[in-house]
Amino acid sequence: MKKSIKFLSLALASLMMASTVAACNREVDGNDDPDANNANISQLKVLNYEGGFGRVWLDKAVERFEEKYENVSFEEGKKGVNVQIESSINGTAGNSLIANAKTHTAHVFFAEDILLYSLTAAGAAADITDIVTGSLSTITDGKETGSIADKFDTSIGNYYELGEVRDASGNKTQSGKYYALPHYSAPKGIFYDVDLFNEKGLWLDSNGQPFGTATTQANEDIGTGPDGELGTYDDGLPRTFDEFFALCDYMTVNGVMPFTWAGAHDYPTSALAELWADFEGKEQFYLNFSMEGTATTLIDTMTEDNKGNITGMTMMPETRINGDNAYLLQRQKGKYVTLEFAKKIAENEAYYTTESYSPGESNIMSQYTYLASRVMSGRTPIAFFFEGVWWENEADENGHFRDLSIYGKGDRTTRKFGWLPYPKYTESMVHENNRRTIYDTTNNSCAFIRSTITDANIMKLAKTFLQFCYTDNELQEFTVNTSTLKPVNYEIPTDKMARMSYFGKDVASLVNNERVDYVYTFSDHPIFVNHVDKFYMPDFSWGDDSYNKNPMRFLYAKAGNASATIKQKFEAMVRDRQNQWNTGFNTVN
Amino acid sequence: MKKKKEKLEKESVVGSFLKKIFRPVSDGMYDVSVFVHNKLPKKQKSATHKRVGETVFYWAGLAIPLLQFILMYVVVNINSFILAFQSYEYNIMTGEEVIEWIGFTNFETFWNAFTSNPLMLGRIKNSFVVYGIHLFVGTVLAILFAYYVYKGFKGTEFFRVTLFMPSILSPVVLVMIYIQFVEKAIPVMFGVEGLLAGDIDLKFGTVIFYNIFMGFGSGMLMYSNAMGRIPDSLTEYAQLEGCTPIKEFLYITLPLIYPTIETFLIIGLSNLFIDQANLFTFFMEGAQNSGMETIGYHLFQTVFTERSSMTSFPYAAAAGLTLTAITIPVVMTARYFLNKLDKGVEF
């Protein structure tokens, strides 16, 4: 008896111990690279943060680079290049990478959560001014004549260029230096299932009503969408808040679940900030980062009834914003509008899945929940999904599309998803001159070269590779492979668009859309530079001194905060930001 | 029994065979070593020389761990102390960091928050709640279970393995299993909603339950080891005198393991503002301003996140020093009164 108990205990213990080593391993090093130890080829090591955007884009870029430089000698006695990739989600982002970068074996880094000034203060990044400002003509065989710097948006360029001097008119009088490049564009938002909209007739007609029967955006009676113009990408989508929530109500009684998201992550927090940006527009929203300009949408006072509904509002006069009073921008009306939007979702349990508030639902699981909802029998199809723009690529590299293709409803190449333009607050905001505004933090992703490379030939090789990755062709291929964009300006030709998934085309088409503005949340204002972490969007958008920063949690009735109203939340946000300013950012949050 | 005897007999046959081969070899090597020892000149070590040798050996063994302690603990804490009086900024022209002395500004900021910020007051409350539950529920249950195991009642081995096993597994793995259990299994079994999705009090209670349950093992082990040192003669005498298990627990076991209990109480009190109750393991940054935050979680969150910069560290250092200044007198006072209750029994 004793022996059998001992045996059973041992077996149980072994099983438990085995669970500690059971984990997914996405790390791949160059050990199986046949040229890794070839002394006749120059070796270059690249470290890649694999989360979200994966590594397929990098694998293909490396293939093209190695082919291009197959017969070029970077070192004496060697010909060609072999690029070894180390790709992982561990140790490839944030402060832990910065701390180890100088002694790392990798030469080139593609990383996330890298605060530029933390990187430069650590002395971990090499000066790459020459390749950023130098002509791309040589590396592109004459196809491009500009430089990488020419492709920057002004805000992102000013942030990444250290030490430049400008005159009162903003003209540059002294150039600065570059130590890193922005890596990928990473906006968050609401994504929708186009196939589901087609199947269930969820598109809205010219009267704002769902068709109710299977149809497509090509229907003659289709509505204009938020841009107020027929024949554009958003035809048939809800134009206003009223239409949007009427559609959600329609979904709930017609066998469609409106929303799902990952309860373990606060994606709605960032995604809802896009509505704030969209309401304000590029100029007003960017004030939050430039801290220079005139604010025109600041709320002065609010009144509410005993149910917490806002019954009245007064606005502040146009206010000159500078570094001393930029906390006033927490009063922007776009924030209030977004809280109203969030409240209508959060307080209606029929609008979202139970997983949406479960910390056991990770982003990967949530992607599966969303993708499987329409293809697996017995599940309620889900229309909308709060996530980051990289979600389709991440789901693909995790095998979700492949796994679900067995149900015969398509894979990544055939399934259709779109990026929902936020509906407008009121009917009067729907017209042919309105604009869509998207903000982009790039997740503080950046590419840099290790500063401690002593071999001049290897440094030249690393710089050549990095510059190669920012040629137009490589930027386009990045978009083709990931269905996302790079945070620089470039065109995407029709033949490359044709190779992309439906979702990728939807994302890429925004680049060429004259009515879409991108706001990169970067600036070289001293307050921003010295407190970049305080401008981290989830905290910056909705953080306060009293309530949960995630609007979907704060407004979720079951969270025990039902007594907190929008007015209280709004005032708490304003109070907290003012407190941060008053204490010089030596703050509690 | 017969098999065992046969086994022994087999071994001795093998053993004697091996001895026949290797004994002459080892005897020969011994003779050689004796011969060499007798032939070599013998050095007479002085007492001083011997003491120096011992001292060098002693310090050579200690050098590396001592150096590590100095670098990783003393220097780090001195640096943290200095950090509390500084501010970090970045020179926007060069990207280099600029460090300035700002006196007690960081302390002032933290103290204002500590005494008036609603979120901070909530964190203090939660820290006390976590400590109180650890003290009155966790510690009590750990002592009771330890006594149960010490007395060898039914299921002792099962409890010993089951309750201690969480201590040897990764907390991240355990939390993941627990989350899936309370979010997926319990709703299916009982038809209720997941325990971590809704009401904030239920969420917090679910997290605290995990902390209590997983903390059993180490506490139970320490207490049962302390109980194991009680002389058997004492307990046998008590039993002969008609002492019931409960009376034995109250009048013999508890007083004799009191020093161990006192140690754990002091340690628990000193962890009051450090304990983050595994909130980060459960929710990562998602527990921020959630109503569940403890001070320990908040301070960890301030400096740990991958996107934090050095600009946050001085404030966190000042917060740590302030909390230390509060904790030390409390702990010393508690220790004084707990020592008074110690009967000073030795065995």
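Leaving aside its neighbours within four places in sequence, which residues is Trp101(B) in contact with?

## Trp101 of chain B

Trp101(B) is in contact with Ile82(B), Phe85(B) and Gln86(B), once its neighbours within four places in sequence are left aside. Contact here means heavy atoms within 4.5 Å. Trp101(B) sits in strand S2 (residues 97–101) of chain B. Helices (H or I, at least four residues) and strands (E, at least two) are DSSP runs, numbered from the N terminus. With a relative accessible area of 60%, Trp101(B) is exposed. The cut-offs are these: buried means under 20% relative accessible area, exposed over 50%, and partly exposed in between (1.4 Å probe, protein chains only). From Trp101(B) to His298(B), 197 residues away along the chain, the C-alpha atoms are separated by 25 Å.

## How to read this model

This is a predicted model, in which local features need pLDDT of at least 70 and side-chain atom pairs count only at pLDDT 80 or more, while totals for chains, interfaces and linings use all residues. Residues are numbered from 1 along each chain as its sequence is written, chains are lettered from A and ligands numbered from 1 in the order in which they are written, and side-chain values use heavy atoms, with hydrogens and water left out.

## Where chains A and B meet

Chain A brings 51 residues to the contact and chain B brings 49 residues. About 4100 Å² is buried between chain A and chain B, and carbon and sulfur atoms give 52% of that area. Buried area is the accessible area (1.4 Å probe) that two parts lose on being put together, summed over both. Between chain A and chain B, 2 residue pairs are in polar contact (both at pLDDT 80 or more). A polar contact is a pair of N or O atoms within 3.5 Å; within protein, one must be able to donate a hydrogen and the other to accept it, and residues adjacent in sequence count only if both atoms are side-chain atoms.

On the side of chain A that touches chain B, the elements giving two or more residues are helix H1 (2–21), helix H3 (94–101), helix H4 (116–121) and helix H19 (526–530). H1(A) gives the largest share, 5 residues.

## Aromatic pairs

Over all chains, a search of the whole structure finds 86 aromatic pairs. Rings of Phe, Tyr and Trp (its six-membered ring) pair if their centres lie within 6.5 Å; planes under 30 degrees apart count as stacked, over 60 as edge-to-face and the rest as tilted. Phe241(A) and Phe341(A) have ring centres 5.1 Å apart and planes at 55°, so this pair is tilted. The pair links distant parts of the chain, with Phe241(A) in helix H8 (residues 241–253) and Phe341(A) in helix H11 (residues 333–346), 100 residues apart. Phe241(A) is buried at 3% relative accessible area, and Phe341(A) is buried at 0%.

Trp261(A) and Tyr357(A) form an edge-to-face pair, 5.6 Å centre to centre with 70° between the planes. Trp261(A) is buried, with a relative accessible area of 2%, and Tyr357(A) counts as buried at 2% relative accessibility.

## Arg374 and other charged residues

Over all chains, the count comes to 28 salt bridges. One of them joins the side chains of Asp195(A) and Arg374(A) (3.3 Å, N to O). Asp195(A) lies in helix H7 (residues 194–200) and Arg374(A) in helix H12, so the pair ties together parts of chain A that are 179 residues apart in sequence. Asp195(A) is buried at 12% relative accessibility, and Arg374(A) is buried at 8%. The side chain of Arg374(A) also has a polar contact of 3.1 Å with that of Asp193(A).

Arg239(A) and Glu427(A) meet in a salt bridge of 2.8 Å, N to O. Here Arg239(A) is buried, with a relative accessible area of 18%, whereas Glu427(A) is partly exposed at 45%. Arg64(A), Glu474(A), Glu477(A), Lys496(A) and Arg499(A) are linked in a network of salt bridges.

Asp113(A) has a phi near 55°, a positive value in a residue other than glycine. Ser483(A), also not a glycine, has a positive phi of about 60°. Ser483(A) is buried, with a relative accessible area of 1%.

Conventions: Salt bridge = Lys/Arg side-chain N within 4 Å of Asp/Glu carboxyl O.
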